[in-house]
Amino acid sequence: EITTRLVGSEMCIRDRDTAEAWDNPGLLVTGRCRELSAVLVTLDVTPAALEEAEREGAGLIVSHHPVIFDPLRRLDAEEMPYRLAAAGIAAYAAHTNLDKAPGGVNDTLAALLGLEEVAAADDGLCRVGRLPAAMEARDFARLVARRLGTPVRACGDGPVRFVGLCGGAGGGEWMKLNPAVDAFVTGEVKHHELPPMSSCEGVPS
């Protein structure tokens, strides 16, 4: 099947075997089409993404977040796995394997922030790098917001030179890296992984 061949060849650089044990990347829904004329790339497989794929004649949706993550106990006609199968559109996810791949999400994030001497952290998922020059935490938060084009929430103060980062939910990883870095950039943290929110401030993009 053309979908399997495409995923096997083009996605081999994002080897699913390198994903975290709890993750569920790979070909999650098989499609009907034997020749792909278009592929839709998206962060999440949403109803809007499916509608666009149908409109554009895309036989495959490649997403970052897996459309099937937890084990399915039943299939609901309104849920995306069922709707994909009914439409004959395949779904492939590159998640933590893409986060940690050379040139993947975390390397791209490090490059956007201008980090130097970037290396994989001991966990293999995060990256650690060095700013060209030290800056105050508030100025670093402004840099992050400006480079990423999004508001950020910043906690803490002091000079920042060594930075750890994780493009996904990296709160647990931050606690492991804490002694080695001055600042940590991540997309998501749980409540108990943060200092009290009263000590954090919003920084506009």
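1. Start with helix 5, which spans residues 105-112 in this predicted model. Its buried residues are Asn106, Leu109 and Ala110. Viewed down the axis of helix 5, these residues fall within an arc of 100°, so they line one face of the helix.

2. Just after helix 5 comes Gly114, with a positive phi of about 75°.

3. Helix 3, residues 80-87, can be read in the same manner. Its buried residues are Met80, Pro81 and Leu84. They cover an arc of only 100° around the axis, which puts them on the same side of helix 3. The cover over them includes strand 1 (26-29), helix 2 (47-56), strand 3 (60-63) and strand 4. Gly88 follows helix 3, and its phi is positive, near 75°.

4. Now check Glu117. This residue sits in strand 5. Its phi is positive, about 50°, although Glu117 is not a glycine. Most residues other than glycine have a negative phi. Look at this one in the structure. Is Glu117 buried or exposed? Exposed means over 50% relative accessible area. Glu117 has 63% relative accessibility, so it counts as exposed.

5. Val128 belongs to strand 6. Which residues does Val128 touch, leaving aside its neighbours within four places in sequence? They are Glu117, Val118, Ala119, Ala121, Val163, Gly164, Leu177 and Val181. Glu117, from the previous point, is one of them.

6. Turn to the second largest pocket. It holds about 530 Å³ of space. Of the 26 residues that line this pocket, the closest to its centre are Trp22, His95, Gly168, Ala169 and Glu188. Helix 4 (96-100), strand 8 (159-169), helix 7 (171-177) and strand 9 (183-188) each supply at least two residues of the lining. By class, the lining of the second largest pocket has eight nonpolar, 10 polar and eight charged residues.

7. Where is His95 in the chain? It lies in the loop between strand 4 (90-93) and helix 4. Buried means under 20% relative accessible area. His95 has a relative accessible area of 12%, so it is buried. Beyond its neighbours within four places in sequence, His95 is in contact with Trp22, Asp23, Pro25, His64, His65 and Pro66. Trp22 and His95 are both among the residues closest to the centre of the second largest pocket.

8. Finish with the whole chain. The protein chain has seven helices and 10 strands. Of its 205 residues, 40% count as buried. How much of the contact count comes from residues 24 or more positions apart? They account for 60% of the contacts with a separation of 6 or more. The accessible surface of the protein chain comes to about 11,500 Å², and 52% of that belongs to carbon and sulfur atoms.

Conventions
Residues numbered from 1 in each chain as written. Predicted model: local features only at pLDDT ≥ 70, side-chain atom pairs only at ≥ 80, totals over all residues. Heavy atoms only, no water. 1 Å grid on protein atoms, 1.4 Å probe; cavity = no way out; pocket = protein on both sides within 12 Å on 5 of 7 lines; lining within 4 Å. Points joined across faces, edges and corners; volume = space filled by probe spheres on them. Helix = DSSP H or I, 4+ residues; strand = E, 2+ residues; numbered from the N terminus. Nonpolar A, V, L, I, M, F, W, Y, C, P; charged D, E, K, R; others polar. Buried < 20%, exposed > 50% of the residue type's maximum accessible area, 1.4 Å probe, protein only. Arc of directions from axis to C-beta. Contact = heavy atoms within 4.5 Å. Areas by Shrake-Rupley, 256 points an atom, 1.4 Å probe, with all protein chains shown as cover.
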